[in-house]
Amino acid sequence: MMLRRGFILFLPRLVGLLVVTCCSMSIVYMLACTPKGDIQQLALPRVHSPTVKDGYEAILQEQEEQHRNYIISLTKQIAQLKAELQGRTEQLKSMQNQYRDSLDIQLGHSKPEKAQANLLAFLRSQVDKAEVHSGVKLSTEYAAVPFESFTLHKVYQLETGLTRHPEEKPVRKDKRDELIEVIELAVGSLNKPDGISKAKPRVYTASDFVEGIYRTEKNKGTLYDLTFKGDAKHQFKKIVLFRPFGPVMKVRNENVNMADTLINVIVPLAKRASKFRQFMHNFREMGIQQDGRIHLTVVYFGKEQMNEVKSILENTSKSANFKNFTFIQLNEEFSRGKGLDVGARFWKGNNVVLFFCDVDIYFTAEFLNSCRLNAQPGKKVFYPVLFSQYNPSIIYGHHDSIPSLEQQLTIKKETGFWRDFGFGMTCQYRSDFINIGGFDLDIKGWGGEDVHLYRKYLHSNLMVIRTPVRGLFHLWHEKRCLDELTPEQYKMCMQSKAMNEASHGQLGMLVFKQEIETHLHRQKLSNKKT
């Protein structure tokens, strides 16, 4: 009886709970199934709106229209993307075919089609007319087209103009794209199977690129000479490319082994023992310790300070265990041409690379490799354009102290200039020097002998490589122009002296120093009055 009464009391509560649960589920279902617009959730039909059925039909029609428009928009975008993709694909195929043809073209090969044969004949004529396989005879030293040199990150250029620097990143898009394209084509050519070797080929990348030089002959095309790391130390890969106003052509792909290539550095000297000590410090670090394939020939004029120079040379020999040196003493008036000529002819060993050097030159181990790579017996001589240092006392006059020599050797327009009028530092094989006739020994004293030898090479069939190099510096020293010089030599000496001191801007500050100080003094007085 009590159980029945309890059930009757609990039944209304159970019915109420079930009603609340059903209502809640209905509300949740309506919220979950209500269609949503593109921006916000659509509201439920209100009391004064059309019937629930009509409201939902309107909502469904509106959403269907929105979906239809969205599908149409997506269809148009997909069509546009397909068209653009097809255009890019055709463009890529065209570029690949162009590059494949440009690298597969060999200079002695022609295809049967007449049009292709005519094109190849034209390209071959462009290569033959340019200085690719051999040099051409030139009338003056100004007729030679200089090379520019570059690495992965920088270009070293002669014609800097008013706003450009002697070394800078290739910021111009056309120049940057050109050099990147050439490096990539060279890497692709190096990685192309030769079909001969069965060994697994090495994969070259742009990081293997060491340096390159290039020059453009306006009516022929652009010649690129690129150097890559080889398979072992002191071994390199050189690849020569030519752009005859069209696709780049592979001219040569060769292994270059410089492991046994000795350089004989010849230095003519008279007095200047303190400068020779500085030179030997550089020679020991770069030539002996880092490079190791080097010989030094010192041709000394007179006897004054000779013992001190010999002592410096012997001390370096003992401390560095270096025996590859020759000391020649001449009892006559100093003549740079005579000293270099005597030093070159004194060598009795195999054919050797001669580096004609001066005591006020600083070189790096990288330059010595450039010296080897750009000289070839019977074919090429190397005439690097060195970077000449300004007077440190003027450049760093506003500093607390002058930096060390190594810190001074930076390539900037404030610190120096490309010495493009100098031809004294050169690398060439001894056989070429002997065959060309050597120096004119009638030229005495300072200047003239280097230009005379340079012109001899220009008038020959040897190729003259003329390019600025980042590892060869002329150290500043006070220049004295002697009265004994001829008028032409004296003029050249004074021009060189003026250029050695400072840039135009720095010299201008010195010339107008008094005027600048007067102006600053007036401004100071004016500020006090106000």
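Author: What follows is a short exchange on labels in this predicted model.

Reader: Why is helix 5 called roughly parallel to helix 6?

Author: Helix 5, residues 273-291, packs against helix 6 at an angle of about 20 degrees. Angles under 35 degrees count as roughly parallel, so helix 5 is roughly parallel to helix 6. The two axes are 10 Å apart, and the crossing is right-handed.

Reader: Which residues make the contact between helix 5 and helix 6?

Author: Helix 5 contributes Ala273, Phe276, Arg277, Met280, Arg284 and Ile288. From helix 6 come Glu308, Val309, Ile312, Leu313, Thr316, Ser319 and Ala320. By class, eight of the contact residues are nonpolar, two are polar and three are charged.

Reader: Where does Asn321 lie, and what makes Asn321 exposed?

Author: Asn321 is in the loop between helix 6 (306-320) and strand 10 (325-330). Its relative accessible area is 62%. Exposed means over 50%, so Asn321 is exposed.

Reader: What is the phi of Asn321?

Author: Asn321 has a positive phi of about 50 degrees, and it is not a glycine. Most residues other than glycine have a negative phi.

Reader: Where is His234 found, and what is its phi?

Author: His234 is in the loop between strand 5 (221-229) and strand 6 (235-243). The phi of His234 is positive, about 70 degrees, although His234 is not a glycine.

Reader: Why does Asn369 count as buried?

Author: The relative accessibility of Asn369 is 18%. Buried means under 20%, and therefore Asn369 counts as buried. Asn369 is part of helix 8, residues 365-373.

Reader: Which residues does Asn369 touch, leaving out those up to four places away in sequence?

Author: Asn369 touches Phe236 and Arg293.

Reader: How do you know that Ile434 is partly exposed?

Author: Ile434 has a relative accessible area of 29%. Buried means under 20% and exposed over 50%, with partly exposed in between, so Ile434 is partly exposed.

Reader: In which helix is Ile434, and what separates its C-alpha atom from that of Ala344?

Author: Ile434 is in helix 11, which covers residues 430-436. The C-alpha atoms of Ile434 and Ala344 are separated by 8.5 Å, and these two residues are 90 residues apart along the chain.

Definitions and conventions: Residues numbered from 1 in each chain as written. Predicted model: local features only at pLDDT ≥ 70, side-chain atom pairs only at ≥ 80, totals over all residues. Heavy atoms only, no water. Helix = DSSP H or I, 4+ residues; strand = E, 2+ residues; numbered from the N terminus. Buried < 20%, exposed > 50% of the residue type's maximum accessible area, 1.4 Å probe, protein only. Contact = heavy atoms within 4.5 Å. Axes fitted to C-alpha atoms, helices over the stretch in contact; angles between N-to-C directions. Parallel < 35°, antiparallel > 145°, perpendicular 65-115°, else oblique. Left-handed = near helix turned anticlockwise from the far one by under 90°. Nonpolar A, V, L, I, M, F, W, Y, C, P; charged D, E, K, R; others polar.
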